[in-house]
Structure formats: structure tokens, C-alpha cells
Amino acid sequence: MLKTEIPRVVSGRDLIRDLNEAFDECIMLRNMDPDLDYYYAGPSCGLPVELIESKSRFLSNFTIFWITGTDTVQSEWFHTGNVRLLCTEHHLVAENAMTTDWQILATSGRLPVIYEPEILELDNILSRLGVPHMVDRKVFPFLSKAGMEAVSIVVDILADRIHSGAPVAEVRVEPLIDVDAGQWTEVVFTIQVNLNTAEANKEWDRVLENISEARRNIAKPEVATFLGENIGTHFTWVTDRDV
Amino acid sequence: MFDPKEFIGVCRGLCQPGRSEAEYRTAVSRALYGVFLWAREELDARGCHVKADTYKEKPFEHDRVRSSFKTGKFRHDGVSSRLGGLYKLRYGSDYDLDVTINQGHVTQALEYVNYIQDAFGKGLFGAPPTTS
């Protein structure tokens, strides 16, 4: 496998968007002239990438190749910050260069959006907590720019409480989705604390009051709305008393 | 008319060691529905339009009840958060077969219920509704 360094770092989302446009272009060209062996489509934003659908070699499957400044058609790694994408004959694979986690993004057709810049941004924000944290990646579709700002505000409030001595064991960021009717979604902070019930409820209400105060002072209405309606904080604690 | 608070009693009754996972899952679900239906009736009695007019609208009642505690006259951040916690536990109990639901989840659900019950009784719905 040939690996090629590309000097310019691009966001994964931009890349996937360009690839999707290229896919659409390939499909349009094929509809216009179904008898050609190859369909070429170049992305719009000047990335050093072209997409080729090879009908003759792989029948109905889309096959993706990268061309990076040469005329050689080959599979290779494409680096986008900490995520690198590998295009093989049948798959587009994304690998996190830091964790080596990988996933197949697509085998053919349109590619899903990946959230590499947002993942890094959220990880940076959560590192301010100074306690173990976990993120369910299903939150990213719900995290707009305003959402990320709102998350940052909540993290600052939690970090302040933790630094003041609140015994937080772990923070998880997860989506909460209305399974029954799909009417609402929230980005939820699940905060595990080593406190008894009375202390946990007191600490929880203090955090809520701080969030409410921050909300009143925010200049951006979209951030205030997200903070008030789309972010949840759930404390959990262990109790052995009779409830 | 059935009193939805009886569901909370069912949940308390099932919060014991040695129960089956099916019973723990049922307990969490009843806790959520006990609170949700109680809130829905109290809000409706106070002129807050949360009840569905048609069968099709039924699933949207959850959103209306939740929203009522997030903004407006009945805003209560503490109740809203505990209710959110209950929904999270309930979705896990009713839909996610990969997680194990145990007595600890039921206990946590009841902790949320206790807070909500207290807030309903003392502040939000302490006074009887006035007919308008």
C-alpha cells in the first residue's frame, strides 16, 4: 500500500462533502452516457483529489481512487488532521491516528459525514474537567456551533465545581433522544458523583443554578436557547438507603 | 379515575433485592409513567395545554410535558433535569436489550421521583388548580 503525505490539512467534513459532490457528478455523468468505462469528477474546493467511478472493473460498485498530483491511479492514505482515510477497491476506511480506532465509512454510494474536527474540539473542551470523561459519538449530529459553545459553558461550570472539591468520578456526554415520537433531542452530561442523596441533589441544583445564571448573561440568543432547551445534566450516585 | 401515582408505588414495591431483570425494567418504566401522567394531569388542570386532542398526537404529550418544565410559568430546572434522567433510564429499560438493568437503576429512578414528588407537592402543584 502506497502512503502519500498531503501537505495541506483539511477537515474530514469538507472532504466528505466534496466527495459526495463528486459522487453526484459521477452519477449524473453516468446517467448522461451509460456506456463509458470511467467517469471522472473533481471536487469543487481545490482539494488535490479526484474521484473516479470505474464501471468496467467493478461492475455496479462504485470504486474510489485518489489522484494526488500525479496521473497514477492508486489506493492510498489521505491525511486529514488526526483522521486518515483509506480508499480501497471497495471500501472507504477512516482511522483515528491517535487511537487507531477505525471504521468503514462506505462501500459504495454517498458517504456519511464524519465529525473529526468536532470530536477534537469536544475532547479539548472536556479535558478542562480534569476527571475521566467519555463521549458517545452519536451526539455530534446535534452539536451545532452554538451547541458546542453551550457545552463549553457547562464544562466550565462543572470544572469550577470539581476544582472546588465536588467529588465527581466521571462525566459522560451522550445523546438523549425521544425514542417514541422523535420530538426532542438533548445533549446530556451524565455526572457520576460520590455523594449521598441529599448532597448530590444539593450539588446538582447548584450546577443548574449556575447554568441558569450563565444563560441569563449570554449575549448570543442561539447559545442561550441551546443551553436552556437542548442540554441536560443528569447526576447519578450510588445509594443503599431505602427509597 | 386511575391515580398515576399508583405506578410509583408499584416501582417502590419492585425495588428489592432478588427481583428479576424484567421486574426491574418494569419498575423503571412505571416510575417514569407515574411521574409523566401525574404531571400531565396537573398541568392540564392548570390550563397548560399538554394533553393530546387526537390519538395521533398522543406521543407528543411527552414533549409538551417536558417543555412545560423548561420554560414558561411552570419552569423548574430541577424537575426538568430529574425528569430527563428518568427518561434516560426508561429508554434503557424499555428499549435497550444490551444493557443490564438492576436494582441500582430502580433506586436511582426513585431518587429522581422523590425529588420531583417533593417539588410537585411543595411548589409547583401544591395549591389546588383554580377553575378558569
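I count a residue as buried if 20 or more other C-beta atoms lie within 10 Å of its own, as exposed if 12 or fewer do, and as partly exposed in between, with C-beta atoms placed from the backbone. Helices (H or I, at least four residues) and strands (E, at least two) are DSSP runs, numbered from the N terminus.

The model is predicted, and local features need pLDDT of at least 70, side-chain atom pairs count only at pLDDT 80 or more, while totals for chains, interfaces and linings use all residues. Residues are numbered from 1 along each chain as its sequence is written, and chains are lettered from A and ligands numbered from 1 in the order in which they are written.

**Entry 1. Helix 3 of chain B**

I looked up how far helix 3 (residues 61-70) of chain B is covered. Of its 10 residues, 7 are buried, so I put it down as mostly covered. I listed them as E61(B), H62(B), V65(B), R66(B), S68(B), F69(B) and K70(B). What do they pack against? These buried residues pack against helix 2 (21-45) and helix 4 (77-95) of chain B, together with helix 6 (221-229) of chain A. I took contact to mean that the C-beta atoms of two residues, placed from the backbone, lie within 7 Å. After helix 3 of chain B comes G72(B), with a positive phi near 85 degrees.

**Entry 2. Chain B overall**

I found 5 helices and 0 strands in chain B. Along the sequence the pattern reads α-α-α-α-α. Chain B has a radius of gyration of 15 Å, close to the 14 Å that the globule rule gives for 132 residues, so it is as compact as a globular protein of that length. The radius is taken over C-alpha atoms, and the rule is 2.2 Å times the number of residues to the power 0.38. Along the principal axes, the C-alpha atoms of chain B fill a box of roughly 50 × 35 × 30 Å. I noted 42% of the 132 residues in chain B as buried. Among contacts in chain B with a separation of 6 or more, 64% join residues 24 or more positions apart.

**Entry 3. The sheet in chain A**

I traced an open sheet of 4 strands in chain A, in the order 8-9-10-11, with mixed pairing. Its edge strands are strand 8 (133-135) and strand 11, each pairing on one side only. Two strands pair if DSSP finds at least two bridges between them. Strand 9 (residues 168-177) and strand 10 (residues 185-193) of chain A run antiparallel over 9 bridges. There I found L176(A) bridged to E186(A) and V171(A) opposite I191(A). Strand 10 and strand 11 (residues 231-236) of chain A pair in the parallel sense over 6 bridges, and T190(A) stands opposite H234(A).

**Entry 4. Core and interface**

I then looked up the largest nonpolar core, which has 68 residues. Such a core is a set of buried Ala, Val, Leu, Ile, Met, Phe, Trp, Tyr and Cys residues joined through C-beta atoms within 7 Å. Those with the most contacts inside it are V154(A), C11(B), A31(B), V35(B) and A109(B). Helix 2 of chain B supplies the largest share, 10 residues. Leaving out residues up to four places away in sequence, V154(A) touches F189(A), I211(A), I231(A) and T233(A).

Between the chains, I found 24 residues of chain A in contact with 24 residues of chain B. On the chain A side, helix 5 (197-217) gives the largest share, 6 residues.
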